[in-house]
There are 4 protein chains.
Amino acid sequence: MDPIQIGIIGAGRIAYVHSRNIASAIPFAEVKGIADPFLTDYARGWIKELNIPVVTEDYRDLLNDQDIRAVVICSPTDTHARITREAVQAGKDVFCEKPVDLDPQEIRRTLETVKSSGRKLQVGFNRRFDHNFAALRKAVETRQIGDLHMIRITSRDPSPPPIEYVKSSGGLFMDMTIHDFDMVRFLSGSEIAEVSAYGAVRVDPAIGEAGDIDTAVVSMKLSDGSLAYIENSRKAVYGYDQRAEVFGSLGAMETANDVPHTAVFSGETGIIQEKPLYFFLERYEQAFVAEMKAFLECLRSNTEVPVGGIDGLNSVLAAKAALESLKTGKSVQVSYGQEE
Amino acid sequence: MDPIQIGIIGAGRIAYVHSRNIASAIPFAEVKGIADPFLTDYARGWIKELNIPVVTEDYRDLLNDQDIRAVVICSPTDTHARITREAVQAGKDVFCEKPVDLDPQEIRRTLETVKSSGRKLQVGFNRRFDHNFAALRKAVETRQIGDLHMIRITSRDPSPPPIEYVKSSGGLFMDMTIHDFDMVRFLSGSEIAEVSAYGAVRVDPAIGEAGDIDTAVVSMKLSDGSLAYIENSRKAVYGYDQRAEVFGSLGAMETANDVPHTAVFSGETGIIQEKPLYFFLERYEQAFVAEMKAFLECLRSNTEVPVGGIDGLNSVLAAKAALESLKTGKSVQVSYGQEE
Amino acid sequence: MDPIQIGIIGAGRIAYVHSRNIASAIPFAEVKGIADPFLTDYARGWIKELNIPVVTEDYRDLLNDQDIRAVVICSPTDTHARITREAVQAGKDVFCEKPVDLDPQEIRRTLETVKSSGRKLQVGFNRRFDHNFAALRKAVETRQIGDLHMIRITSRDPSPPPIEYVKSSGGLFMDMTIHDFDMVRFLSGSEIAEVSAYGAVRVDPAIGEAGDIDTAVVSMKLSDGSLAYIENSRKAVYGYDQRAEVFGSLGAMETANDVPHTAVFSGETGIIQEKPLYFFLERYEQAFVAEMKAFLECLRSNTEVPVGGIDGLNSVLAAKAALESLKTGKSVQVSYGQEE
Amino acid sequence: MDPIQIGIIGAGRIAYVHSRNIASAIPFAEVKGIADPFLTDYARGWIKELNIPVVTEDYRDLLNDQDIRAVVICSPTDTHARITREAVQAGKDVFCEKPVDLDPQEIRRTLETVKSSGRKLQVGFNRRFDHNFAALRKAVETRQIGDLHMIRITSRDPSPPPIEYVKSSGGLFMDMTIHDFDMVRFLSGSEIAEVSAYGAVRVDPAIGEAGDIDTAVVSMKLSDGSLAYIENSRKAVYGYDQRAEVFGSLGAMETANDVPHTAVFSGETGIIQEKPLYFFLERYEQAFVAEMKAFLECLRSNTEVPVGGIDGLNSVLAAKAALESLKTGKSVQVSYGQEE
C-alpha cells in the first residue's frame, strides 16, 4: 500500500511539528507539499531537511493535487474555517488546528459543509493524546473512580504571549481555556451545561488594557450532574503547569507535570526537583505524534476520527458562555442549539 | 507562677481533645473543671484519667468559680454565642469552637459583648495551626511566592455525617466549607469580596432530600484582587483530603496530605502509598495542641489572640453569600456591613 | 493502680527526653528521682519544670529507694554495664541506652547477671519504634514482600560529632552503624552471619587522623540466606538521612525521610521540598516516646521487653566483625559464641 | 552531504531497535544492509517495513560493501570481538553491543587491532545516555554535589532470563552487573580499584544449580577514594528497577524510575502509582536513540566516541574481580595491567 500523501497548509512552528512527526514516526504517510505565502528562512530549512518535494505559496495548489489525500491546516485562525470548507469540497480529508473559528455560526456552517462532503475532519485538541490525561480518561471510562463527581484542570503557561497576540487572540477563554474546556469534555464524557467565571489581571496590566484577563477560575456544571473547574494563569515562573484530577465515588486520580528527568537534588537549600517540561512543544511532543497517527490511521482504516468537528464547536460555545459570565456576574447556560 | 485554671464546657469528643492536650502538653495550664448535663460513661473515663477535680452538670458552676480564668466552649453550636457572652460577662476569657453561631447578627451581638467586657475570645479554627497550612501562609506573608494570584483549597471528608446531623448542620457551606473560607482568609491575609457557588448531590440522595448538597465548588474574588476556589466533597473513599495551593508572581506552594508513615510498597499491582491520616482528629492532632497553646500563651502574656471573633463572623458571612449564590445562580458580594 | 516510679541515671539530653516523655505521655508512670554528679543549669531547669521530687548526685540513692521500680540509664557508655548489673541486683528493672558496652565479654557478663536477677532489661534501640521502620518490619513479618531477599539501610548524620567525641566513640561502626546493624536484625528477624566492610575518610581528615572513618559501606549475609547492606556518612549537608528498603519475592517497601511539612515550592530555580527533620531528637521524637511506653507497659503487664540484652550484644558483635573486615580486607563471620 | 550508510550485523531484537532508530530519528544516516544467517519471519517483517535494501546471510557482504561506512554489531556475544576486528580491518567504523567479549585478553587484542586500524569503536553502554543517569553524571561533573563520597546503583530485572540463557551468560556479574560497573565508572569519572561481592540464590534454585547467583551486593573502592555499591536482583515483581544515587560533600542526587504516566490513583486500598516502564526496551528507548545518534555524529564530525573500547574492557575486568571476590571471600583489587 502506497503511503498517504499529505499537504501542510501554513509553515509556522506547528506545521513543522506535524511535518516532522509524519516524516519520522508515521511510516504509512508522507508530506508531499507545503503551502505558505510568506516562507521564512527557518521554514525553508526544515522543508529541505525533511525533503518535502512540493513548496508553494498558494494552498490551492495542494487542494488541486490529486495525489494528496489529506491536508493539515496550520494557517492563521481566521482562515481555518474557510480553508476547511474548500479542502473538503476539493475531496480532501482535513486535520485542522484549533480553534476552527471564534464564531460558532461560522463553525456550524463549516461542519455542515464537512458533513455533506463525506470527508473527515479532525480538530487539533492534542492534549487528549497525552499519556497523563489519557490515564485519567481511562479511569473515568472504566469506572475505576466510580461515578464522576468532580474534575479539576490546572493550566498555567510559563509566560504570556506578546501583547499584539493577546489583542487578536479572542481572549484568554477562547485562546487558552478552550483546550481546558475540551479536556473537561474529554475526561468526563459529558457536555458542559453551565459555567461561571471569575477573571483578574494579575500578571501584566497591559493585558488588562488590551481588554483581556490573565488569571481565571471557571466553574462548571456538567450534563451528567457532576461539577468541574478550570484555573488558568498566563504566567507560572516555574514553567508550564498542566495537571488535572478526576474525583468520584470510588476514589480520585490526579496527574503531575512531566519532567525532563527524575533526578532530585538534596542540598543545603532543600530537596530540589526539576521544573516541568518547558512549554507545549516539549510537554505534548508525544501527544502531537499520537494525534496525527490517530488521524492518519482513521484515514487508512476509514473509521471515525477521535476528535470531531463537534468538539471544536462545543469548546468554543463553552468559552463564549464563560466570557458572558465574566461580564454579567451570572451563571450562564451553554446553549448547544442555534443561539445566534 | 501558678498554672492557669481552665473550665471545659461540654464533654464530647472535642472537649476530650482539648482537655488531654492541656494536661499533657501545656505545663502552665490545668483543667480544673468540666461541665456537661449528660455525661457519657466514656466521658467519665477520660475525666477520671485526666484527674479533673470538678465535674458538674451546670456550666454556670464553672463561670462562678473564681479560680477558673478561662473557659473552652465545646457545647452544641446553638449555645456557643450565649455561653460566650455569659462567660465574658463573668470575667472569663473564652476559647469557642466554631462556628460562634449560624446567624451573623447573633455573632455581632456576641462580639460587642466580648468587646465591652475586655475579655479575650479565640475561635477554634484549628487548621491555621497545621504545619502544612502554616508553611503556605508563611510563603504568602514573606512574599516567597511574590504577589498572590490564586488560592486553591481541596477539602474532602472521608464520609458524610449521619443524616440527622446534616439536617441540623446549617448546610455544607456553614458546617464544612466554613473552615475553608477561613483558610482562604488566613492564607491570603485578605477578605472574601465576592463568591460564586455550584453544588451537587453526588454522594447520597438522602442529603439532597434533606435540602443540602454534598459536593461543591465555590469560587471567590478576594479584596486584594486575587482569585480563590474551594472544592468540597462529603466522601472521599481514600480518606480525609486536606490540601491547598497558593500561587503567585514568583511561584506556587502546594501541600500534600499527611500520612501515617512514608513507606511505599512496590508490588505486582502498582506502587502503593499509605492513605492520608483518617480524619480531623488524626490529621489536626498537632494543630489542636498548637491552637490551645497559642490561646493560653496569649492569656499568659496578655497579647492578642491569633484567631479573633471577626474571623468567626466573616467566614459565616462568606458561607451565607455562597448559599445565596447557589440559590440565585449569581455572583454574590459578601457584605461585611449590617446586611440584615 | 499507683503509677510506676522511675529513676533516671544521668541528666544529659537523652535523660531529659525520657523524663519529659514519661511526664507528658505515659500517665501510668512518674519520674521520682534523677541522679547526676555534675548537674548543669540546663538540667536543673527541666528537672524543676517537670517537678521531679528527688535529685541526687549518687545514683545509688535511686537504687536504694524502695519506691523506685525501674531505672533508665543515660550515663556515659562506659558505666552502662556496671550500673545495669548493680540495678538489677538492687531489684530494679532497667532501661539502658545503647550500647550496653563496647566489649562483648562485658555485655555477656551483664546479661548473665540480669538473667539470674530475674529483672527486665530493655536496650535503647529507639529506631525500632519509628513509624516508618515499623511499617517495613510489618511488611517483612506479614510476608507482604514475600521471602526476604535484600535489605538496604541508608544512614547519614547531618554533621560529624566533635573530634574529641570521635576519639572516644569506639569508632563509626560501634557508635553509628550499631543502630543500623540492629535495624538489619529487626527488619529481617534474622542474625547477621557475615560482614564485609569498606571505609573511607571523605568528610574530615581529622577523623582519619583520629584513627576512624567517616564514610562506610558494610555488606552482609544474613542467617536466612538473604543479603543486606548499610551505608553511612558522618555528614549529609541536607540533614539527617534515615531511610531503608526491604526487597523480596513479592515486592519492595521503601521509606522516605520525615519532613517538617509537606509543602512544596515551585519557583524559578526548581521544585523545592523541605529538608528532612534535623537530627535524631526531631526525627525519632515519636519513637523515643513509644520505646519508653513499650518498656513501661511490659513492666505493668509483666511481659517480655521488645528489645532485649541479646539485641545489645549482637549488634556489638556485628560492629566488631565489620571493624575486623575493614582491617583485613576479608569477609568476616560474626561469632555469636565465646570468641574472645 | 549524503547520508552515512550503515550495515547491521545480526537481526535480533536489538538490531531492530538500532535499525528503527536510525530510520526514524537520524536523518543523516541510513541502514543500507542487514546480515543474519538465520532470519526470522519477524525480522523479515521489520526489514521490509524499514525498506532496508540489502539483506544477506553473510556479514562479510556488508564489510565488502564500499558504500557502507560503519557497522553495528548485534550478533551473539562470542562473535563480537572477531567481527569487530574484521570490520575495522575492512575500514569500517564499529558500534558494538556489550560486552565486547568475556575474556579480557580477547578484548585487549581487539582494542589493539582497532587502534592500529585508525577506525572508531563505540561500545553499547546505552544507559550512559539515559536522561536520569545523565543528570547524575552532570551533578558530579559540575560539582553540584561537591566531592564525590558514595555511589549507589540499584538494578533489578523484572524477571530472570531462561535458564538456558543463564548457563551461557557468563554469570550475573558479566551479564547484568557489567552495565552497573560501567555506570559506576561513568558517574564517578573514576576507575573501580577494589571490589567485594556477596551473592545469593533467592529467586530460583535452578539458577543456583546452573552455577550462578540471582541476588548480589557488590561494594567498591574507587580510584578517587570514594565508595560505591551495586545491588542486583534477577526478579522484581513490580518491574524493571533502575535507580542510582550520587552523594558528596555538597549534597546528594537520586533518580527514580520512569513511569508510563504520572497519574496517581487514590482509592480505598491506598494511593497507587504506576509501575516502572517494563524492561530495558521501554525504559531505555530514548537512550538507545541517543547513543546511536552520538556515535553517528562522531562519524560525521570525526570526533572521539563517548564510550570507547576501554570502557568495554574495564567493566569486564571489574566483573571478573567481583566473581573472584565472591569465590574467595576477600576484597579483590581490579588489575588494569596484563593480569593473565
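1. Copies here are superposed by least squares on the C-alpha atoms of residues with pLDDT of at least 70 in both. The model is predicted. On that basis, chain D can be laid on chain B by a turn of 180° and a shift of 0.0 Å along the axis.

2. Next, chains A and B. A rotation of 180° superposes chain B on chain A, with 0.0 Å of shift along its axis and an RMSD of 0.0 Å. That is the relation of a two-fold axis. Of the residues of chain B, B:K330 comes closest to this rotation axis, at 2.2 Å (C-alpha).

3. How do the copies meet? Of the interface residues of chain D, 100% are also interface residues in chain B, so these copies meet through the same surface. For chain B and chain A the share is also given: 100% of the interface residues of chain B are interface residues in chain A, so here too the copies meet through the same surface.

4. Look at the contact between chains D and B. It joins 11 residues of chain D with 11 residues of chain B. On the chain D side, β13 (264-267) and β14 (270-273) each supply at least two residues. Which element gives the most to the side of chain D that touches chain B? It is β14(D), with four residues. By class, this side of chain D has four nonpolar, four polar and three charged residues.

5. Strand β14 (residues 270-273) of chain B pairs with β14(D) in the antiparallel sense. Three bridges hold the pairing. In one of them, B:I271 has D:Q273 of β14(D) as its bridge partner. In general, strands of a sheet pair through backbone hydrogen bonds, either parallel or antiparallel.

6. Within chain B, trace the open sheet of six strands. Its order is β3-β2-β1-β4-β5-β6, with parallel pairing. Which strands stand at the edges? They are β3 (54-56) and β6 (121-123) of chain B; each has a single partner strand, so one side of each is left without a neighbour in the sheet. From one strand to the next, the twist averages 20°.

7. Strand β2 (residues 29-35) of chain B runs parallel to β3(B), and three bridges join them. B:G33 stands opposite B:V54 in β3(B).

8. Now helix α6 (residues 131-141) of chain D. Is it mostly covered or mostly open? It is mostly covered, with eight of its 11 residues buried. Among the buried residues are D:F133, D:L136, D:R137 and D:V140. The buried residues of α6(D) pack against β7 (148-156), α8 (172-188), β11 (241-248) and β12 (251-254) of chain D. They also pack against β13 (264-267) of chain A. After the helix comes D:R143, whose phi is positive, near 60°.

9. Finally, the largest nonpolar core. It has 443 residues. Which of them touch the most other members? They are A:V246, B:V246, C:V246 and D:V246. Take A:V246. Leaving aside its neighbours within four places in sequence, A:V246 is in contact with A:L136, A:A139, A:V140, A:I145 and A:L148, as well as A:I151, A:L187, A:A252 and A:M253.

Definitions and conventions: Residues numbered from 1 in each chain as written. Chains lettered and ligands numbered in written order. Predicted model: local features only at pLDDT ≥ 70, side-chain atom pairs only at ≥ 80, totals over all residues. Contact = placed C-beta atoms within 7 Å. Nonpolar A, V, L, I, M, F, W, Y, C, P; charged D, E, K, R; others polar. Pairing = 2+ DSSP bridges. Axes fitted to C-alpha atoms, helices over the stretch in contact; angles between N-to-C directions. Buried ≥ 20, exposed ≤ 12 C-beta atoms within 10 Å, placed from the backbone. Core = buried A, V, L, I, M, F, W, Y, C linked by C-beta atoms within 7 Å.
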